[in-house]
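I opened this notebook to keep track of what I looked up, entry by entry, for a reader who is new to this structure.

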Amino acid sequence: MAGRFITIEGGEGAGKSTAQTFLVDRLEQRGLSVVQTREPGGTPLAEAIRQTLLSIEGEAPVEMAELLLVFAARAQHLAKVIEPALAAGKWVVCDRFTDATYAYQGEARGLSSGVISQLEVLVQMGRRPDTIVLMDMAPEVGMARARSRGALDRFEREDAAFYERVRQGYLDRAKLAPERYVVVDAEQDLSSVQRSLDELIKRWFDVS
Ligand code: Z5A
(Lines give C-alpha, C1' and ligand atoms only; values in the text may rest on other atoms or scores of the structure.)
Protein backbone atom coordinates (compact mmCIF):
# COMPACT_ATOMS: atom_id res chain seq x y z
CA MET A 1 0.00 0.00 0.00
CA ALA A 2 1.29 3.50 -0.82
CA GLY A 3 1.91 5.89 2.05
CA ARG A 4 -0.82 8.23 3.18
CA PHE A 5 -0.70 11.63 4.80
CA ILE A 6 -3.21 11.92 7.67
CA THR A 7 -3.60 15.03 9.80
CA ILE A 8 -5.51 15.45 13.06
CA GLU A 9 -7.08 18.82 13.73
CA GLY A 10 -9.28 20.53 16.30
CA GLY A 11 -9.30 23.09 19.05
CA GLU A 12 -7.37 23.09 22.27
CA GLY A 13 -7.74 19.91 24.34
CA ALA A 14 -9.97 18.20 21.74
CA GLY A 15 -8.12 14.90 22.09
CA LYS A 16 -5.89 15.19 19.01
CA SER A 17 -2.77 13.67 20.59
CA THR A 18 -4.81 10.85 22.13
CA ALA A 19 -6.46 10.12 18.77
CA GLN A 20 -3.11 10.31 16.99
CA THR A 21 -1.47 7.73 19.26
CA PHE A 22 -4.49 5.43 18.88
CA LEU A 23 -4.42 5.69 15.06
CA VAL A 24 -0.67 5.10 14.88
CA ASP A 25 -0.94 2.00 17.11
CA ARG A 26 -3.75 0.58 15.01
CA LEU A 27 -1.90 1.21 11.73
CA GLU A 28 1.29 -0.36 13.09
CA GLN A 29 -0.74 -3.39 14.19
CA ARG A 30 -1.63 -3.78 10.52
CA GLY A 31 2.07 -3.93 9.70
CA LEU A 32 2.41 -0.42 8.29
CA SER A 33 5.44 1.77 8.80
CA VAL A 34 4.12 4.99 10.37
CA VAL A 35 5.72 8.33 11.21
CA GLN A 36 4.07 10.15 14.12
CA THR A 37 4.80 13.85 14.08
CA ARG A 38 3.32 17.26 14.87
CA GLU A 39 3.10 20.91 13.87
CA PRO A 40 4.45 23.34 14.59
CA GLY A 41 7.47 21.09 15.07
CA GLY A 42 8.72 17.71 13.95
CA THR A 43 12.39 18.69 13.41
CA PRO A 44 14.85 20.45 15.77
CA LEU A 45 14.54 23.78 13.94
CA ALA A 46 10.75 23.54 13.64
CA GLU A 47 10.51 22.64 17.35
CA ALA A 48 12.56 25.76 18.16
CA ILE A 49 10.07 27.83 16.14
CA ARG A 50 7.26 26.13 18.08
CA GLN A 51 8.84 27.24 21.36
CA THR A 52 8.94 30.81 20.07
CA LEU A 53 5.31 30.66 18.94
CA LEU A 54 3.96 29.23 22.20
CA SER A 55 6.14 31.20 24.61
CA ILE A 56 4.56 33.81 26.83
CA GLU A 57 7.98 35.40 27.51
CA GLY A 58 9.33 38.40 25.62
CA GLU A 59 7.95 39.98 22.47
CA ALA A 60 4.83 38.39 21.00
CA PRO A 61 4.87 38.05 17.18
CA VAL A 62 2.44 40.24 15.25
CA GLU A 63 -0.13 38.26 13.23
CA MET A 64 1.85 38.23 9.97
CA ALA A 65 5.07 37.22 11.76
CA GLU A 66 3.16 34.39 13.45
CA LEU A 67 1.88 33.21 10.07
CA LEU A 68 5.34 33.29 8.49
CA LEU A 69 6.88 31.43 11.44
CA VAL A 70 4.22 28.70 11.12
CA PHE A 71 5.06 28.29 7.42
CA ALA A 72 8.84 28.43 8.04
CA ALA A 73 8.46 25.52 10.47
CA ARG A 74 6.24 23.73 7.93
CA ALA A 75 8.79 24.11 5.11
CA GLN A 76 11.45 22.49 7.28
CA HIS A 77 9.11 19.74 8.46
CA LEU A 78 7.96 18.90 4.93
CA ALA A 79 11.50 18.76 3.54
CA LYS A 80 13.09 16.82 6.38
CA VAL A 81 10.32 14.51 7.61
CA ILE A 82 7.03 14.39 5.71
CA GLU A 83 8.16 14.20 2.07
CA PRO A 84 10.96 11.64 2.69
CA ALA A 85 8.58 9.43 4.69
CA LEU A 86 5.85 9.52 2.02
CA ALA A 87 8.44 8.90 -0.71
CA ALA A 88 9.54 5.79 1.21
CA GLY A 89 5.94 4.50 1.25
CA LYS A 90 5.38 5.25 4.93
CA TRP A 91 2.21 6.64 6.46
CA VAL A 92 2.51 10.01 8.17
CA VAL A 93 0.12 10.90 10.99
CA CYS A 94 0.58 14.54 11.93
CA ASP A 95 -0.96 16.39 14.88
CA ARG A 96 -2.10 19.62 13.12
CA PHE A 97 -1.11 20.98 9.70
CA THR A 98 -2.29 23.73 7.36
CA ASP A 99 -5.96 23.54 8.29
CA ALA A 100 -4.83 24.85 11.70
CA THR A 101 -3.31 27.85 9.94
CA TYR A 102 -6.61 28.65 8.21
CA ALA A 103 -8.49 28.23 11.51
CA TYR A 104 -6.06 30.05 13.88
CA GLN A 105 -4.20 32.64 11.79
CA GLY A 106 -7.06 33.03 9.30
CA GLU A 107 -10.44 32.76 10.98
CA ALA A 108 -9.38 33.51 14.57
CA ARG A 109 -6.61 36.13 14.06
CA GLY A 110 -8.25 37.65 10.98
CA LEU A 111 -5.53 37.21 8.33
CA SER A 112 -6.75 36.80 4.76
CA SER A 113 -7.28 33.24 3.55
CA GLY A 114 -5.94 34.41 0.16
CA VAL A 115 -2.55 35.19 1.73
CA ILE A 116 -2.54 31.84 3.56
CA SER A 117 -3.39 30.08 0.33
CA GLN A 118 -0.47 31.78 -1.48
CA LEU A 119 1.94 30.58 1.23
CA GLU A 120 0.39 27.12 1.07
CA VAL A 121 1.14 26.93 -2.66
CA LEU A 122 4.67 28.30 -2.21
CA VAL A 123 5.66 26.07 0.71
CA GLN A 124 3.75 22.86 0.05
CA MET A 125 4.08 22.63 -3.73
CA GLY A 126 0.85 20.66 -4.03
CA ARG A 127 1.26 18.50 -0.92
CA ARG A 128 -2.00 18.22 0.99
CA PRO A 129 -3.29 15.70 3.51
CA ASP A 130 -5.15 12.69 2.09
CA THR A 131 -7.44 12.71 5.11
CA ILE A 132 -8.04 15.33 7.79
CA VAL A 133 -9.54 14.01 11.01
CA LEU A 134 -11.31 16.91 12.71
CA MET A 135 -11.84 16.37 16.44
CA ASP A 136 -14.81 18.67 16.91
CA MET A 137 -16.01 19.83 20.32
CA ALA A 138 -17.43 22.86 22.08
CA PRO A 139 -14.46 25.09 22.98
CA GLU A 140 -15.36 25.29 26.66
CA VAL A 141 -15.03 21.49 27.01
CA GLY A 142 -11.57 21.45 25.41
CA MET A 143 -10.44 24.53 27.31
CA ALA A 144 -11.47 22.92 30.61
CA ARG A 145 -9.54 19.74 29.73
CA ALA A 146 -6.43 21.65 28.67
CA ARG A 147 -6.53 24.07 31.57
CA SER A 148 -6.65 21.29 34.15
CA ARG A 149 -3.07 20.49 33.03
CA GLY A 150 -1.54 23.66 34.51
CA ALA A 151 0.56 26.44 32.92
CA LEU A 152 -1.01 27.97 29.80
CA ASP A 153 0.89 28.78 26.60
CA ARG A 154 0.28 31.86 24.44
CA PHE A 155 -2.58 30.28 22.48
CA GLU A 156 -4.20 28.74 25.53
CA ARG A 157 -4.54 32.25 27.00
CA GLU A 158 -6.93 33.28 24.24
CA ASP A 159 -10.59 33.73 25.18
CA ALA A 160 -13.68 31.67 24.34
CA ALA A 161 -14.58 33.89 21.35
CA PHE A 162 -11.18 33.13 19.79
CA TYR A 163 -11.82 29.39 20.14
CA GLU A 164 -15.35 29.74 18.75
CA ARG A 165 -13.82 31.29 15.62
CA VAL A 166 -11.25 28.47 15.46
CA ARG A 167 -14.03 25.88 15.63
CA GLN A 168 -16.10 27.65 12.98
CA GLY A 169 -13.02 27.99 10.76
CA TYR A 170 -12.46 24.24 10.87
CA LEU A 171 -16.13 23.37 10.29
CA ASP A 172 -16.30 25.73 7.31
CA ARG A 173 -13.26 24.08 5.75
CA ALA A 174 -14.72 20.63 6.35
CA LYS A 175 -17.86 21.70 4.47
CA LEU A 176 -15.78 22.88 1.51
CA ALA A 177 -13.97 19.53 1.09
CA PRO A 178 -16.13 16.82 2.69
CA GLU A 179 -14.35 14.10 0.71
CA ARG A 180 -11.11 14.76 2.60
CA TYR A 181 -12.51 15.49 6.07
CA VAL A 182 -13.72 13.10 8.73
CA VAL A 183 -15.47 14.99 11.52
CA VAL A 184 -15.40 13.13 14.83
CA ASP A 185 -17.65 14.15 17.73
CA ALA A 186 -14.82 14.60 20.25
CA GLU A 187 -17.18 15.15 23.17
CA GLN A 188 -18.00 11.45 23.23
CA ASP A 189 -16.27 9.21 25.75
CA LEU A 190 -12.92 7.79 24.75
CA SER A 191 -14.20 4.36 23.69
CA SER A 192 -16.82 5.95 21.38
CA VAL A 193 -14.16 8.20 19.82
CA GLN A 194 -11.98 5.15 19.30
CA ARG A 195 -14.87 3.29 17.65
CA SER A 196 -15.24 6.18 15.18
CA LEU A 197 -11.51 6.00 14.43
CA ASP A 198 -11.68 2.22 13.95
CA GLU A 199 -14.49 2.69 11.41
CA LEU A 200 -12.33 5.20 9.56
CA ILE A 201 -9.39 2.80 9.41
CA LYS A 202 -11.68 0.02 8.19
CA ARG A 203 -12.85 2.29 5.35
CA TRP A 204 -9.25 3.00 4.32
CA PHE A 205 -8.49 -0.70 4.06
CA ASP A 206 -11.81 -1.71 2.52
CA VAL A 207 -11.32 0.66 -0.43
CA SER A 208 -7.65 -0.03 -1.07
N1 Z5A B 1 -1.02 26.50 15.65
C2 Z5A B 1 -1.35 27.58 14.87
O3 Z5A B 1 -1.75 28.64 15.39
N4 Z5A B 1 -1.24 27.48 13.53
C5 Z5A B 1 -0.81 26.35 12.90
O6 Z5A B 1 -0.73 26.32 11.68
C7 Z5A B 1 -0.48 25.24 13.72
C8 Z5A B 1 -0.61 25.34 15.09
C9 Z5A B 1 0.00 23.99 13.08
C10 Z5A B 1 0.03 24.23 19.53
O11 Z5A B 1 -0.78 23.15 19.18
C12 Z5A B 1 -0.57 25.52 19.06
O13 Z5A B 1 -0.13 25.82 17.75
C14 Z5A B 1 -2.05 25.45 18.97
C15 Z5A B 1 -2.42 26.19 17.68
C16 Z5A B 1 -1.11 26.63 17.11
N17 Z5A B 1 -2.56 26.11 20.09
N18 Z5A B 1 -3.61 25.88 20.68
N19 Z5A B 1 -4.51 25.74 21.30
P20 Z5A B 1 -1.00 21.87 20.09
O21 Z5A B 1 -1.70 20.92 19.21
O22 Z5A B 1 0.22 21.43 20.75
O23 Z5A B 1 -1.92 22.45 21.27
P24 Z5A B 1 -3.27 22.02 21.81
O25 Z5A B 1 -4.39 22.09 20.87
O26 Z5A B 1 -3.39 22.90 23.00
O27 Z5A B 1 -3.10 20.48 22.11
P28 Z5A B 1 -3.39 19.76 23.42
O29 Z5A B 1 -3.79 20.70 24.50
O30 Z5A B 1 -2.22 18.88 23.67
O31 Z5A B 1 -4.70 18.96 23.15
P32 Z5A B 1 -5.07 17.66 22.33
O33 Z5A B 1 -3.87 17.01 21.75
O34 Z5A B 1 -6.16 18.03 21.43
O35 Z5A B 1 -5.70 16.75 23.45
P36 Z5A B 1 -5.10 15.46 24.26
O37 Z5A B 1 -3.77 15.85 24.88
O38 Z5A B 1 -5.19 14.26 23.42
O39 Z5A B 1 -6.23 15.38 25.36
C40 Z5A B 1 -6.42 16.39 26.33
C41 Z5A B 1 -6.89 15.71 27.65
O42 Z5A B 1 -8.18 15.14 27.44
C43 Z5A B 1 -5.98 14.55 28.09
O44 Z5A B 1 -5.93 14.55 29.49
C45 Z5A B 1 -6.70 13.31 27.55
O46 Z5A B 1 -6.42 12.17 28.34
C47 Z5A B 1 -8.15 13.72 27.67
N48 Z5A B 1 -9.03 13.12 26.65
C49 Z5A B 1 -8.74 12.84 25.35
N50 Z5A B 1 -9.80 12.31 24.71
C51 Z5A B 1 -10.80 12.25 25.63
C52 Z5A B 1 -12.17 11.81 25.59
N53 Z5A B 1 -12.75 11.33 24.48
N54 Z5A B 1 -12.90 11.91 26.72
C55 Z5A B 1 -12.35 12.42 27.86
N56 Z5A B 1 -11.06 12.86 27.97
C57 Z5A B 1 -10.31 12.77 26.87
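Entry one, salt bridges. I began with the rule itself, under which a salt bridge is a side-chain nitrogen of Lys or Arg within 4 Å of a carboxyl oxygen of Asp or Glu. I also noted at the outset that the model is predicted. Applying the rule, I find a count of 12 salt bridges.

I looked up D136 and found that its side chain forms a salt bridge with R167, with 2.8 Å between the closest N and O atoms. Because D136 lies in strand β4 (residues 131-136) and R167 in helix α7, the pair ties together parts that are 31 residues apart in sequence. I checked the cover of both partners: D136 is buried, with a relative accessible area of 15%, whereas R167 counts as partly exposed at 24%.

Entry two, a network. I noted next that salt bridges with shared partners join E66, R109, R154 and E158 into one network, and I followed two of the pairs that involve R109.

R109 forms a salt bridge with E66, whose closest N and O atoms are 2.8 Å apart. This pair links distant parts of the chain, since R109 sits in the loop between α4 (98-108) and α5 (113-124) while E66 belongs to helix α3, 43 residues apart. Is E66 buried or exposed? I find E66 buried, at 1% relative accessibility.

R109 also meets the side chain of E158 in a salt bridge, at 2.8 Å from N to O. Here too distant parts of the chain are linked, for E158 lies in the loop between α6 (139-147) and α7 (160-176), 49 residues apart from R109. I recorded E158 as partly exposed, at 21% relative accessibility.

I counted 30 residues surrounding the ligand, and the closest are K16, T18, R50, R96 and R149. For R149, I read 2.5 Å between an N or O atom of its side chain and an oxygen atom of the ligand. A polar side-chain atom of S17 lies 2.6 Å from a ligand oxygen, and for the side chain of E156 I noted 3.4 Å from an N or O atom to an oxygen atom of the ligand. Taken alone the ligand exposes 1000 Å², of which the protein buries 82%.

Which residues form a nonpolar patch on the surface? I found V62, M64 and L68, which together have about 260 Å² of accessible area. V62 is in the loop between α2 (44-54) and α3 (63-87), and I noted V62 as exposed, with a relative accessible area of 54%.

How values were computed:
Residues are numbered from 1 along each chain as its sequence is written. This is a predicted model: local features need pLDDT of at least 70, side-chain atom pairs count only at pLDDT 80 or more; totals for chains, interfaces and linings use all residues. Side-chain values use heavy atoms; hydrogens and water are left out. Patches are made of residues with over 30% relative accessible area and no salt bridge: like charges are joined within 9 Å, nonpolar side chains (Val, Leu, Ile, Met, Phe, Trp, Tyr) within 5 Å. Accessible areas come from the Shrake-Rupley method with a 1.4 Å probe; for residues, only the protein chains shown count as cover. Helices (H or I, at least four residues) and strands (E, at least two) are DSSP runs, numbered from the N terminus. Buried means under 20% relative accessible area, exposed over 50%, partly exposed in between (1.4 Å probe, protein chains only). A residue is near a molecule or strand if one of its heavy atoms lies within 4 Å of it. A polar contact is a pair of N or O atoms within 3.5 Å; within protein, one must be able to donate a hydrogen and the other to accept it, and residues adjacent in sequence count only if both atoms are side-chain atoms.
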